[in-house]
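Here are my notes on this model for your first read-through. Keep the structure open as you go.

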Amino acid sequence: MVRILGGCMIFSGCLGLGLWYRSWLLGRARALRSLGSILELLAGEVRYGRATLPECCSRTARHLTAPFGEAFQRIGNRMEENTGVSFGETFREEMEGVLKELPLETEDRENFLRFTSQTGFMDGQMQLRAMEQSLELLRGTWEKLEQENTEKCKMAVGLGALGGLLLILVLW
Amino acid sequence: MGETILQLFPAGHRAFWSRTAGVQERIQEIRLRAGRPVVLYMDGREIFLTEQGELSEFGPGVRCMSMKELEEILEHICHYSPYAFEEELRRGFVTVAGGHRVGVAGQAILETDGGIRTLKNISFLNIRVAHQVKGAADRVMPEMYRNGMLRSALIISPPGCGKTTLLRDLIRQISDGNAYGRGMTVGVVDERSEIAGSFLGRPQNDVGMRTDVLDSCPKDKGMLLLLRSMSPRVVAIDELGSGEELKALRQAAACGCRILATVHGESRQDVERRFGLERDYWERMFDLFFVLGRKRQICERSEARGQDSGRLHDL
């Protein structure tokens, strides 16, 4: 009885590990899509509202859910306080905490934050281009992930289950 | 006003400018030129800054601004988004929080038709420190009303004699209400952001609680827009300049609005000559005419259909 119970626990543990990895893969693609939508909203504010970057953050905050909404509002508020810290630094400081909580690679985070180091353009088109570059990099990653995810997810769950079974057989 | 000029500078520059910010009330202008010493115009004199940010007469060890520092300051002033200030940069100045105006000069990029598209390599900044003089219109307020009714007024003055200061305080007092009349809705068309000193659409100067400001809009179009949208009882504009503006002003007067306006000139005759319009034309639109002198005084005051000149008021 104890053996059977132990076997079930090993199996469910390994299967859980596979499912967790699957959810991480799907979560990463979802998070990348969310970041892409945020960049599109910011670009829209620049394109149609000619808004400054801090203004873009305050306005975009209204359309975002937690935790992005709060973070963007904090960026807007901090810039309005005018403590002298640059937009890039403020944006990085506030967003790094939020991004750490998401299932993202370091490269994804850097791709998202890349546009904050490209400010000070006289031409709005140039600022838009900087945002679009960040967006293109994120899009490239999530499209690649989505192509591979079906296979990877199946493999993760399958490997988890089979690994569990193998472990049970070895330990039996 | 506090030390609002400190907010014009990024964090890394603030320690250097803190001494200057302490004497902000006495500063008229701060001139920053790439590779040249920082010059303050203070109490009518030129003052330089040392490497430590101390005020000094010219001598060795005065601080020069580098191009990089100027770029950082301009970027900070423009909220790291100079593209959003494209129109302002094209006009040559940006109004910032606190109502200060930052004039810029550098290399102009021209459109095919010869118009200025934008400026690049901005190497010269002129920070004009805002000083709102509350009470500047106290002496003229009794004359602005007759039997409790506000009268339209034209302020005539050469540049730099305080006509915008007088207009701004008139607007504030008329809007808030005063000992001579109740508060009235005032519509201000502030084409050059000089009256309200608007920053991102919000007035930085106190222009009264019943004042609606249309910022950065051509005066002729703005007056008609305000008439349609905000139904002001008083319309105020600074530096009347073209026939179109005069036409719009006349339309506002015909709608029953009181008019407050300023115009460059030395005298009424000078203004009449410049616009090529007879005395009657002006008197149909304005009840009062104030002519300001070089010493920030009202050196002539006259009423429509009557002359009462020679009364002096300090502003």
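1. Start with terms. Helices and strands here are DSSP runs, a helix having at least four residues and a strand at least two, numbered from the N terminus. Remember that this is a predicted model.

2. Now the layout. Read along its sequence, chain A gives the pattern α-α-α-α-α-α. That comes to six helices and zero strands. Chain A is more spread out than a compact globule, because its radius of gyration is 21 Å, well over the 16 Å that the globule rule gives for 172 residues.

3. Check the dimensions next. The C-alpha trace of chain A spans about 70 × 30 × 25 Å along its principal axes.

4. How much of chain A is buried? Of its 172 residues, 43% count as buried. The accessible surface of chain A is about 9500 Å². Carbon and sulfur atoms hold 59% of that surface.

5. Look at contacts along the chain. Take those in chain A with a separation of 6 or more: 62% of them join residues 24 or more positions apart.

6. Then the charges. Chain A has 20 positive and 22 negative charges.

7. Finish with one residue. Where does Ser58(A) sit? Ser58(A) belongs to helix 2, residues 53-61 of chain A. Its relative accessibility is 17%, so Ser58(A) counts as buried; the cut-off is under 20%. Leaving aside residues up to four places away in sequence, Ser58(A) touches Phe72(A), Gln73(A) and Gly76(A). Find these residues in the view.

Technical notes:
Residues numbered from 1 in each chain as written. Chains lettered and ligands numbered in written order. Predicted model: local features only at pLDDT ≥ 70, side-chain atom pairs only at ≥ 80, totals over all residues. Heavy atoms only, no water. Rg over C-alpha atoms; globule rule 2.2 N^0.38 Å. Buried < 20%, exposed > 50% of the residue type's maximum accessible area, 1.4 Å probe, protein only. Contact = heavy atoms within 4.5 Å. Areas by Shrake-Rupley, 256 points an atom, 1.4 Å probe, with all protein chains shown as cover. Lys, Arg positive; Asp, Glu negative; His and termini not counted. Charge placed at Lys NZ, Arg CZ, Asp CG, Glu CD.
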